[in-house]
Amino acid sequence: MDSVTIDLARAWMRAAAESMDEHAEELTRLDAAIGDGDHGSNMRRGFSAVAGKLADTDFPSVGSVLTLSGRTLISTVGGASGPLYGTVLRSAGKRLTGSTASPGELLDALRDGMEAVRGLGGAQVRDKTMVDALAPALAAYSAALEDGADLGAAVGAAARAAGEGAQATVPMTARKGRASYLGERSRGHQDPGAASTALLFAALASVVGAPDVR
Amino acid sequence: MKKFLNSPDTVIDDALAGIAAAHPGLAVDTRQRIITRARPTRPGRVALVSGGGSGHEPLHGGFVGTGMLDAACPGEVFTSPVPDQVLAAATAVDSGAGVVLVVKNYTGDVMNFEMAAELAEEEGVRTATVLVDDDVAVRDSTFTAGRRGTGATLFVEKIAGALAEQGGDLQAVADIGRRVNAASRSFAVALTACTTPASGRPGFDLADDEIEVGIGIHGEPGRSREKLLPARDLADLTVRTVLEDLPLSSEDPAIVMLNGMGGTPLLELYLLFGEVAARLSERGVTIARSLVGNYVTSLDMAGASLTVCRADDRMLELWDAPVSTPALRWGL
């Protein structure tokens with residue numbers, strides 16, 4: 001597989017919806033430790049609405065799948081996750097106006113998404129947020145492409161890096177979002193937003209047939 | 001978990017149906033999830049819209065009515081409303097004079113209300129935002145999401161709502177709201193954690209002799225865990241913490257609220273208020289107005305928060321102005 005098609009983007013969002021549903025309790029448990037214990041149910045509600053929209057919409061471009069998904073998350077999730085995830089997908093979608101996208105175009109689009117979410121939430125790397133999964137994922141994806149990897153291998157590298165990035169949030173002290181109120185007491189817990197971001201990349205990896213990813 | 005539920009997924013819809021049935025003075029749009037006054041906004045009057053996660057009742061829906069809010073947007077439990085809801089509320093109650101959005105300072109609330117404000121402006125509705133951030137438990141606020149909005153939300157909604165009722169313009173109503181917020185501080189203590197319908201479990205575990213100090217209103221743990229103390233010592237700790245951040249002289253009239261978190265009986269709240277009032281008076285604070293009860297709650301959490309506003313004569317006058325809402329009624 002060497003490019004992202006409309007069908008693949010649709011399959012990605014559908015796989016993300018299944019994954020959020022499957023991992024909802026786990027995400028909620030992570031959130032209960034340092035937040036307010038609803039991240040899983042919120043993500044499940046949002047992505048389930050996305051899956052509903054995907055079923056009855058014709059999409060002219062790869063990006064339109066992502067922008068509609070983003071808009072749907074903003075309208076259904078609430079909290080910080082709705083605007084943040086919605087913004088990632090909407091901003092990423094804007095760039096992908098063709099019926100296919102190359103691996104490099106997907107990288108640029110996801111970078112746009114990350115810049116937009118950092119602009120909205122103000123998070124830096126090591127603030128214990130979704131950025132701590134997103135940034136290493138995009139770095140690994142970019143490095144893999146430079147090494148000549150195809151889409152599947154590059155996405156696989158991104159998904160692994162996102163998972164490791166989420167794990168690496170455990171010892172961090174939260175500086176953004178509701179976990180930041182805990183200060184030092186936020187240490188020792190994985191950030192739920194980084195965990196759900198890792199799920200999003202794992203979902204992409206599963207639909208591009210990346211090796212070595214669950 | 002034992003709760004009155006049909007299903008955790010339908011809590012908000014089912015509760016909105018109950019609010020509609022109980023309060024004919026309110027109009028409840030269950031599809032868009034907005035609560036407005038049954039009567040439309042008088043032309044030329046500024047409207048007040050607030051909202052936030054559910055689970056803090058009577059905040060915000062219980063404060064919709066004459067002299068306070070024009071509309072409330074309840075989100076899912078402890079989850080801010082979505083921009084669509086806030087936009088629907090703002091366009092429903094705008095009479096042309098603009099809408100003041102009262103927003104509690106949480107990352108999600110701020111983002112969703114900002115998005116809604118942008119959409120409203122695009123539709124020709126002028127808005128001004130009052131951000132409430134009164135909780136002194138959040139330290140080092142430059143390294144965090146900043147102070148949380150808690151009890152002072154009621155003060156802001158009451159006083160700004162009264163000015164809107166009297167014909168204040170958009171700027172004036174927003175200004176008094178901001179002044180009230182700047183002059184208010186809160187601090188809370190929990191005896192138990194709360195249980196959200198979705199998780200079915202308490203947000204944290206406390207031993208029988210432990211309390212959580214400096215909690216927020218979302219069942220999130222506080223800034224430290226301590227041994228349970230007698231009410232007079234807890235009152236002292238709470239009053240001291242608030243006054244460290246909000247110096248008052250005896251000439252400043254104080255509005256004081258002792259608020260229950262939802263699971264504490266009024267008997268205990270009055271007992272605690274007695275201690276709080278005594279500690280305030282020892283420190284030379286003049287309690288001009290007081291309010292005791294469950295107003296800004298955290299589901300079934302046992303606990304209490306103290307909110308103090310260093311008021312002035314204008315704020316007191318607006319505080320005393322008539323109000324008729326499900327949860328706050330006087331002067332009529």
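**Cysteines, sheet and domain**

Reply: Across all chains of the structure, a search turns up zero disulfides. The model is a predicted one. B:Cys73 has a relative accessibility of 1%, so B:Cys73 counts as buried. B:Cys194 has a relative accessible area of 3% and is therefore buried as well. The cut-off for buried is under 20% relative accessible area.

Now the sheet. In chain B, six strands make up an open sheet. Their order is E1-E2-E4-E3-E5-E6, and the pairing is mixed. Strand E1 (26–29) and strand E6 (127–132) of chain B are the edge strands. Each of these two pairs on one side only. On average, neighbouring strands of the sheet are turned by 20 degrees against each other, with direction ignored.

E1(B) pairs with strand E2 of chain B, residues 34–37. The sense is antiparallel, and the pairing runs over four bridges. One bridge can be named by residue: B:Val28 has B:Ile35 in E2(B) as its bridge partner. In general, strands of a sheet pair through backbone hydrogen bonds, either parallel or antiparallel.

Last, the annotated domain, which is on chain A. An unreviewed UniProt entry carries the annotation "domain: DhaL" for residues 7–206 of chain A. In the model, this span of chain A is 70% helix and 1% strand. The C-alpha atoms at the ends of residues 7–206 of chain A lie 14 Å apart.

Technical notes. Residues numbered from 1 in each chain as written. Chains lettered and ligands numbered in written order. Predicted model: local features only at pLDDT ≥ 70, side-chain atom pairs only at ≥ 80, totals over all residues. Heavy atoms only, no water. Pairing = 2+ DSSP bridges. Axes fitted to C-alpha atoms, helices over the stretch in contact; angles between N-to-C directions. Disulfide = S-S within 2.5 Å. Buried < 20%, exposed > 50% of the residue type's maximum accessible area, 1.4 Å probe, protein only. UniProt positions renumbered as here; feature names shortened; annotations may be inferred.
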